[in-house]
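Subject: Structure for you to look at, with notes

Dear colleague,

Here is the structure I promised to pass on, with the sequence alongside. Please open it first, and then read the notes below with the model on your screen.

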Amino acid sequence: MKMMYNASGVRSMKKTLSILLCFVMTVFVLAGCQADSGKKGEPSLLLGFSQIGSESAWRLGNTRDIEEQAENYGVSLMFENANQKQENQIAAIRRFIAYQVDVIAFSPIVEDGWDNVLMEAKEAGIPVILVDRDISTEEEDLTTCLIGADFYKEGVMAGEYLIRKADSLGLEHLNIVEITGTDNSTPMRQRQAGFADAIAGDERMEILESIDGDFIKSRGEECMRSLLEEYGDEIDVVYSHNDEMTLGALPEIEKAGLVPGKDIIIISIDGGQEAIDVLKQGKINCVVECTPKLGKEVMETAIRLKAGEKVEGVIHPEEKVFSDEMNLSEIGPRGY
Ligand code: GYE
């Protein structure tokens with residue numbers, strides 16, 4: 001009897017122990033899930049992000065924002081910087097596919113040449129988000145959506161500012177030089193088209209030359225130097241596709257004995273801190289905002305894609321124009 005009692009005692013102890021063990025294991029598993037979850041209770045997610053490079057304050061601000069928002073949303077980030085080379089971006093995307101990330105996001109440096117690698121992502125069942133810039137393709141469904149600025153609208157806003165400025169100064173003819181961004185990139189194409197369309201109906205406006213500055217400061221400097229050699233003080237307006245090239249161009253104008261902001265109307269795009277400071281000094285007349293803060297939308301979209309949800313095709317952030325028409329002391333710190 002005693003033996004039987006002991007045996008069943010042991011049995012019931014074993015049972016209690018295994019229930020306890022199950023409970024403890026469940027707690028551990030749940031705790032593990034919790035640790036993996038995003039701070040907003042989203043499922044854990046591995047995102048491969050291929051960045052173009054570090055060519056501008058905009059790009060650095062964009063990288064910082066992607067990293068901060070990944071952290072905020074509890075998204076694990078595989079980040080690769082392509083140092084301005086498309087082949088590095090293609091290689092990075094291939095590594096993301098081999099690694100079987102949940103979602104791929106990338107900012108395509110140019111629009112063409114992505115079909116093969118994006119077909120590979122599609123075959124691997126990995127959804128792709130375009131960030132900042134678009135691609136051009138004949139293939140269907142290679143990407144899920146585009147999160148980036150409306151560059152055409154930015155160009156239009158730059159052109160509309162110039163028309164208002166010409167009106168307010170009573171100018172009869174304006175010779176414009178345009179320093180463009182990376183050839184075959186979306187912001188270059190659309191900022192050029194939007195600006196050209198906005199001034200097209202205005203007979204006062206003449207574009208003397210468009211010259212490729214590749215979105216880089218040193219190229220902006222070189223471009224301005226050669227434009228000044230060619231046209232000298234015939235230039236009335238510089239329309240530059242980003243702040244970096246504008247900041248490169250300004251000292252060249254001063255070296256040529258001209259006053260930027262007065263002798264030459266300067267229009268820039270991005271709205272980084274340094275350009276806004278120069279706008280406040282009067283050496284730039286207008287800066288069209290292009291926000292690099294796309295990280296929040298990227299993370300929220302990636303989370304929805306992983307959950308198998310549908311996402312919006314195009315997401316454009318709201319953007320403003322900063323110019324000598326406004327009270328410049330109202331512009332707060334830019335954060336990039
Ligand atoms: O304007 C420029 C950058 O694609 C919007 O790229 C971006 C552009 C931005 O390097 O400064």
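Domain 2 (46-149 + 293-319) and domain 3 (151-290) each contribute at least three residues to the lining of the largest cavity. Please bear in mind throughout that this is a predicted model, and that every value below was computed from it. The search counted one cavity of 30 Å³ or more, and the space inside the largest cavity comes to about 100 Å³. Its lining is made up of 13 residues, of which Trp58, Arg59, Arg133, Arg191 and Asp270 are the closest to the centre. Sorted by class, the residues that line the largest cavity are five nonpolar, two polar and six charged. Among the elements that take part, helix H2 (57-72) and helix H6 each supply at least two residues of that lining.

The nonpolar core comes next. The largest one holds 42 residues, and within it Leu47, Ile129, Leu162, Ile267 and Val298 touch the most other members. Helix H5 (residues 151-169) provides the largest share of this core, with six residues, while domain 2 (46-149 + 293-319) and domain 3 (151-290) each give the core at least three residues. As background, nonpolar side chains in soluble globular proteins tend to be buried together.

Over the whole structure, the search for aromatic pairs returned three. One of them joins phenylalanine 195 and tyrosine 239, whose rings are stacked, with 4.0 Å from centre to centre and 20° between the planes. Because phenylalanine 195 belongs to helix H6 (residues 186-199) and tyrosine 239 to strand S8 (residues 237-240), the pair ties together parts that lie 44 residues apart in sequence. Phenylalanine 195 has a relative accessibility of 0% and therefore counts as buried, and tyrosine 239 is likewise buried, with a relative accessible area of 0%.

The C-alpha atom of asparagine 184 lies 8.5 Å from that of isoleucine 109, a residue 75 positions away along the chain.

Finally, there are two backbone angles to check by eye. Most residues other than glycine have a negative phi. Glutamine 84, however, is not a glycine and has a positive phi of about 65°; this glutamine is placed in the loop between strand S2 (75-81) and helix H3 (86-98), and at 31% relative accessibility glutamine 84 counts as partly exposed. Glutamine 100 has a positive phi as well, near 55°, and is found in the loop between helix H3 and strand S3 (103-106). At 64% relative accessibility, glutamine 100 counts as exposed, because the cut-off for that class is over 50%.

With best wishes

Technical notes. Residues are numbered from 1 along each chain as its sequence is written. This is a predicted model: local features need pLDDT of at least 70, side-chain atom pairs count only at pLDDT 80 or more; totals for chains, interfaces and linings use all residues. Side-chain values use heavy atoms; hydrogens and water are left out. Rings of Phe, Tyr and Trp (its six-membered ring) pair if their centres lie within 6.5 Å; planes under 30 degrees apart count as stacked, over 60 as edge-to-face and the rest as tilted. Helices (H or I, at least four residues) and strands (E, at least two) are DSSP runs, numbered from the N terminus. Buried means under 20% relative accessible area, exposed over 50%, partly exposed in between (1.4 Å probe, protein chains only). On a 1 Å grid over the protein atoms alone, a cavity is a set of points where a 1.4 Å probe fits but cannot get out, and a pocket is an open set with protein on both sides within 12 Å along at least five of seven lines; lining residues have an atom within 4 Å of a point. Grid points are joined across faces, edges and corners, and a volume is the space filled by probe spheres set on the points. Ala, Val, Leu, Ile, Met, Phe, Trp, Tyr, Cys and Pro count as nonpolar, Asp, Glu, Lys and Arg as charged, and the others, Gly among them, as polar. Domain bounds come from an automatic or database domain assignment. A nonpolar core is a set of buried Ala, Val, Leu, Ile, Met, Phe, Trp, Tyr and Cys residues joined through side-chain atoms within 4.5 Å.
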